[in-house]
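Morning, everyone. Please have the structure open on your screens.

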Number of protein chains: 2
Amino acid sequence: MQLDERKTKILQAIIRNYLETGEPVGSRTISKYTDLNLSSATIRNEMADLEEMGYILQPHASAGRIPSDRGYRFYVDTMMAEKEREVVEMKEMLLERQDKMETLLKKVVKALANNTQYATMISAPSTHRNKVKFIQLSRVEENQILAVIVVEGNVIKNKILSITEPLTDETLLKLNILLNTHLNGMSLEEINLGMIAALKQQAGIHSNIVSEVIDAVAEAIKADEDLEIYTSGTNNILKYPELADQEKASELINTFEEKQQLTELVLDTLSDDNNTGIQVYIGDETPVESMKDCSVVTATYDLGDGMRGTIGIIGPKRMDYDKVVGTLRTLQNRLDDLYGEN
Amino acid sequence: MQLDERKTKILQAIIRNYLETGEPVGSRTISKYTDLNLSSATIRNEMADLEEMGYILQPHASAGRIPSDRGYRFYVDTMMAEKEREVVEMKEMLLERQDKMETLLKKVVKALANNTQYATMISAPSTHRNKVKFIQLSRVEENQILAVIVVEGNVIKNKILSITEPLTDETLLKLNILLNTHLNGMSLEEINLGMIAALKQQAGIHSNIVSEVIDAVAEAIKADEDLEIYTSGTNNILKYPELADQEKASELINTFEEKQQLTELVLDTLSDDNNTGIQVYIGDETPVESMKDCSVVTATYDLGDGMRGTIGIIGPKRMDYDKVVGTLRTLQNRLDDLYGEN
DNA sequence: ATTAGCACTCCCTTTAAATGAGTGCTAACA
DNA sequence: TGTTAGCACTCATTTAAAGGGAGTGCTAAT
């Protein structure tokens, strides 16, 4: 048996209706809902077929049908191929470029949550920034040295070092030159133990400063492993009865608060990059355990220069895929436009 | 009528019992629960008195009694005065001083949530840090200048400036000297328009750099207005039926995610500093709207040097005040010890 | 002052019945 | 052969009634 046009229409009608109401949908509803002019009995026959084919299922014997994961998947696939979507009112917010990336991201994720009424997340853009660009030690107080390290992608790391031995300005200058000449342009792999030992030796009594600076360098470079993630609208989870029970909701809320688990989602999205950069995880497809009963839609945005991040929307399986994908797509374009050229 | 010893004992018994069970408690229970050897009838009489006095109330005519806000208040006041508490197993976690404050705070707030099974928050220590300590401009690339600003309390602000006009190293040095001689030691109030104009004039063609630096200074100084707050265990809210309904839980979760509203709590706690630094807000007493049905216990911790922060525990009114206050107190001491001397 | 006893209240649970949305199947129809 | 009307059946949900039970207030006796 295969999915002819009529079955397709009926399936879509079932799903669309279920997305709206959240209730199992019966044959009579579809009979009226579609423009097929078929009686409920005919629809029933078709529904029996669709169920046999695994696209829909019955929560219990005398209930209507709800989409199965496979049904959702079909719906999403056909829908994604279909249309380009209208622009949302998020425009003006993005019009003037925020000077602080953090503020922008928080605003975006919040607007997205308000807009969609789902839980949302966004990861700060990260790149491979693995080369040291600039190091500077400065005295800020008698016994305090400020180390500033800049790595590729203009990621800046500050560290205050307390010194015990007196340090003349001249020595400080020498240390600066020493560090810069040896470490500039180096990647994490290139800075090996031998090199560190050599540096320490040259620094003599101030070798501990070298140690601390190198620690800071390491931290700055690997900082993107725990990438920053902002969330919003977690409370929207409670709006959907199928997610709102104590157990599931609790886990989800925790996931959103801890953020740790969300990085998996980000990494998965970034790694497996298809043409559009928009991905839909339905039920078990998700890489995050606590979202097994949800659907997750993610989008990759690209600010050029290898700086990429992920936006995600998490909701019930009966999520309004159409709207969500559309919203994400426009948002994606906005971000790309805004930062892309720079 | 006044609260004699017997009434006090009965009231405490009622509250303690209610804290455990979450159910209204009846006279017979108390009759057995206490060591007073009184019949349920006598207890009933006393309970009638206590109700008249406003310490307890009946959810409905034939139910047991639950504590009123006033009852909780009484309980907390007597309890706080009473005892010094046993030490919790949070010790080892704090033993070695974390190099990153952020990591420490996240660990603390998480441990606290696990420990108490309530929702918890902690604010990063902030001080009045309102004086500029150090400014430095450095070239990191041909057309990019890094501005580093350090203000009191070692709060560091970085800003990358893109320049259009060429800038010699010599000019850069001059700018550095210019900025430092004029701005070092200055507070936000002291940096006025006239001064800024003068600086700009001296900077000549590079006046825009001065502008940007001053913007950054302003940001660094006022950064403590939106102080950083970490939360954990938000999902614990759902554990308490009296908070778990869609409406309330949703607002609470939102408060914890947004964090904005939590600053009110922090500020209130920090401002109104009593002897111990531990405060209990019951029901309406809280400064945060969404917590009207909760109790909130906050503690101030002090790292010396004017660096102070707030820890908070948010739970149902029938919170285990005893344990919570005890835990907070020891935690407070730990933090003070750990960072105090430095 | 304390207590036993009792009538009364009212929430909650259980049980049963009624409802109604939806199905599968069969037979008739075009 | 595909479509449809009709009907018996299923089963979650709603509604109503009944009963239980925890707890109270009051009174009278100790």
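Start at DNA strand D: one of its phosphate oxygens sits 2.7 Å from an N or O atom in the side chain of Thr42(A). Keep in mind that this is a predicted model. A polar side-chain atom of Arg65(B) lies 3.2 Å from a phosphate oxygen of DNA strand D. Ala63(B) uses its backbone: an N or O atom there is 3.4 Å from a sugar or linking oxygen of DNA strand D. Which elements give two or more residues to the surface near DNA strand D? They are α3 of chain A together with α3 of chain B. α3(A) gives the most, with 4 residues.

Now the whole surface around that strand. DNA strand D is surrounded by 21 residues. The closest are Arg6(A), Ser39(A), Thr42(A), Ser62(A) and Ser27(B). By class, the residues near DNA strand D divide into 6 nonpolar, 11 polar and 4 charged. And what do they touch on the DNA side? Of the atoms of DNA strand D within 4 Å of the protein, 76% belong to sugar or phosphate. The rest belong to bases.

Next, DNA strand C. How many residues surround DNA strand C? The count is 21. The closest are Ser27(A), Arg44(A), Arg6(B), Thr42(B) and Ser62(B). Sugar and phosphate make up 77% of the atoms of DNA strand C that come within 4 Å of the protein. The surface near DNA strand C has 6 nonpolar, 11 polar and 4 charged residues. α3 (40-52) of chain A and α3 (40-52) of chain B each supply at least two residues of it. The largest share, 4 residues, comes from α3(B).

An N or O atom in the side chain of Ser62(B) is 3.0 Å from a base oxygen of DNA strand C. For Arg44(B), a side-chain N or O atom is 3.2 Å from a base oxygen of DNA strand C. Then there is a backbone contact: a polar backbone atom of Ser39(B) is 3.2 Å from a phosphate oxygen of DNA strand C.

Leave the DNA and look at chain A. Here there is an open sheet of 5 strands, in the order β7-β3-β10-β9-β8. The pairing is antiparallel. At the edges are β7 (229-232) and β8 (278-282) of chain A, and each pairs on one side only. Neighbouring strands of this sheet are turned by 15° against each other on average, direction ignored.

Walk across that sheet. Strand β3 (residues 119-123) of chain A is joined to β7(A) by 4 bridges. There, Ser123(A) stands opposite Ile229(A). Val280(A) has Val297(A) in β9(A) as its bridge partner. Then 9 bridges join β9(A) to strand β10 (residues 308-316) of chain A. In that pairing, Cys294(A) meets Pro316(A).

Is β9(A) enclosed or open? Of the 9 residues of β9 (residues 294-302) of chain A, 8 are buried, so the strand is largely enclosed by the rest of the structure.

Strand β4 (residues 132-141) of chain B has 8 of its 10 residues buried, so β4(B) is largely enclosed by the rest of the structure. A hairpin of 2 residues joins β4(B) to β5(B). The two run antiparallel, with 8 bridges between β4(B) and strand β5 (residues 144-151) of chain B. One opposite pair is Val132(B) and Val151(B).

Now a helix check. Why do we say the length of α6 (residues 101-116) of chain B agrees with expectation? At 1.5 Å a residue, its 16 residues should span 22 Å, and the end C-alpha atoms are 22 Å apart. Its buried residues include Leu104(B), Leu105(B), Val108(B), Val109(B) and Leu112(B). An α-helix has 3.6 residues a turn, so residues three or four places apart point the same way. Just after α6(B), Gln117(B) takes a positive phi of about 65°.

Last item: Lys7(A). This lysine lies in helix α1 (residues 5-21) of chain A. Lys7(A) is buried, because its relative accessible area is 6% and the cut-off is under 20%. From Lys7(A) to Val132(A), 125 residues along the chain, the C-alpha separation is 59 Å.

Terms used. Residues numbered from 1 in each chain as written. Chains lettered and ligands numbered in written order. Predicted model: local features only at pLDDT ≥ 70, side-chain atom pairs only at ≥ 80, totals over all residues. Heavy atoms only, no water. Expected span 1.5 Å × (residues − 1). Buried < 20%, exposed > 50% of the residue type's maximum accessible area, 1.4 Å probe, protein only. Pairing = 2+ DSSP bridges. Axes fitted to C-alpha atoms, helices over the stretch in contact; angles between N-to-C directions. Near = heavy atom within 4 Å. Polar contact = N/O pair within 3.5 Å; in protein donor to acceptor, adjacent residues only side chain to side chain. Nonpolar A, V, L, I, M, F, W, Y, C, P; charged D, E, K, R; others polar.
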